[in-house]
Amino acid sequence: MPADPNIPLKERLQDDVKKALRAGDKLRLSVLRMAMAAIQQREVDSRESLDEGGIQAILEKMVKQRYEAAEQFRAGGRDDLFDKETAEIAVLKTYLPEPMSEEETVTLVEEVIATLGASSPKDMGRVMGEIKQRGAGRVNLGNVSALVRSRRPPPRAAEARTGRLGGGH
């Protein structure tokens, strides 16, 4: 079901809870209720309403938890529970933006490194922060970290060429 980008995520979730209840879709209803409970818990804990990014982060965390649980169930030979976790992941993913392709991710990483002039391991935090902001939940930061390291020039390349510290003035 295509999402209307004009409807806030929290409102879409609430509407879909009602639709799932009317349709008798127990799995979807259960997953959406868990999501709404997690969102409300975070809002109560922080004493403020969550924005789209905050809600999206909760849903991403729920997906990650289900992936981890599914792997544990598969390793333990519990295919029934593995299937349940996989079905829950599918429901949650319908509320998350489409992940970037490998090519889009590589392009983003190279663009950010060039824009920030990142040239040393010290720049890693700035680069990752910018990628996280620009990627807006569409990038897998675990994969991006290795990609950033591989795209960065080796540390102190200028010093290695000149044999002197400070770039060879």
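The model you are looking at is predicted. Its secondary structure comes to eight helices and zero strands. The chain has 169 residues, and 32% of them count as buried. Keep the structure open as you read, and try to find each residue as it comes up.

**The overall fold**

- Take the contacts between residues at least 6 apart in sequence: 58% of them join residues at least 24 apart.
- The protein chain exposes about 11000 Å², and carbon and sulfur atoms supply 52% of that area.

**The largest pocket**

- How can empty space be found in a model made of atoms? Rolling a probe the size of a water molecule over the atoms shows where such space is left.
- The largest pocket has a volume of about 920 Å³.
- Its lining is made up of 27 residues, and those nearest the centre of the pocket are Glu60, Gly137, Val139, Asn140 and Leu141.
- Which helices each supply at least two residues of this lining? They are helix 3 (52–75), helix 5 (102–116) and helix 7 (141–151).
- Helix 3 gives the most to the lining, with eight residues.
- Sorted by class, the lining holds 12 nonpolar, seven polar and eight charged residues.

- Aspartate 16 and lysine 18 both sit in helix 1, which covers residues 9–23.
- Is aspartate 16 buried or exposed? Aspartate 16 counts as buried because its relative accessibility is 6%, below the 20% cut-off.
- The side chain of aspartate 16 makes a polar contact with the side chain of tyrosine 95, at 2.5 Å.
- Lysine 18 has a relative accessible area of 46%, so it is partly exposed; that class lies between 20% and 50%.
- Lysine 18 and leucine 32 are 14 residues apart along the chain, and their C-alpha atoms are separated by 9.8 Å.

**Threonine 105 in helix 5**

- Threonine 105 lies in helix 5, one of the helices that supply at least two residues of the pocket lining.
- With a relative accessibility of 11%, threonine 105 counts as buried.
- What does threonine 105 touch, leaving out residues up to four places away in sequence? Its partners are Met100, Val139, Val144 and Leu147.
- Among these partners, Val139 is also one of the residues nearest the centre of the largest pocket.

**Two residues in loops**

- Aspartate 123 is placed in the loop between helix 5 and helix 6 (124–135).
- Despite its place in a loop, aspartate 123 counts as buried, at 13% relative accessibility.
- Aspartate 123 touches Gly117 and Ala118, not counting residues up to four places away in sequence.
- The C-alpha atoms of aspartate 123 and isoleucine 113 are separated by 8.9 Å, and these two residues are 10 apart along the chain.
- Arginine 47 belongs to the loop between helix 2 (26–46) and helix 3.
- Arginine 47 is exposed, because its relative accessible area is 76% and the cut-off for exposed is over 50%.
- What is the phi of arginine 47 near? Its value is near 60°, which is positive in a residue other than glycine.
- Most residues other than glycine have a negative phi.

Technical notes. Residues are numbered from 1 along each chain as its sequence is written. This is a predicted model: local features need pLDDT of at least 70, side-chain atom pairs count only at pLDDT 80 or more; totals for chains, interfaces and linings use all residues. Side-chain values use heavy atoms; hydrogens and water are left out. On a 1 Å grid over the protein atoms alone, a cavity is a set of points where a 1.4 Å probe fits but cannot get out, and a pocket is an open set with protein on both sides within 12 Å along at least five of seven lines; lining residues have an atom within 4 Å of a point. Grid points are joined across faces, edges and corners, and a volume is the space filled by probe spheres set on the points. Helices (H or I, at least four residues) and strands (E, at least two) are DSSP runs, numbered from the N terminus. Ala, Val, Leu, Ile, Met, Phe, Trp, Tyr, Cys and Pro count as nonpolar, Asp, Glu, Lys and Arg as charged, and the others, Gly among them, as polar. Buried means under 20% relative accessible area, exposed over 50%, partly exposed in between (1.4 Å probe, protein chains only). Contact means heavy atoms within 4.5 Å. Accessible areas come from the Shrake-Rupley method with a 1.4 Å probe; for residues, only the protein chains shown count as cover. A polar contact is a pair of N or O atoms within 3.5 Å; within protein, one must be able to donate a hydrogen and the other to accept it, and residues adjacent in sequence count only if both atoms are side-chain atoms.
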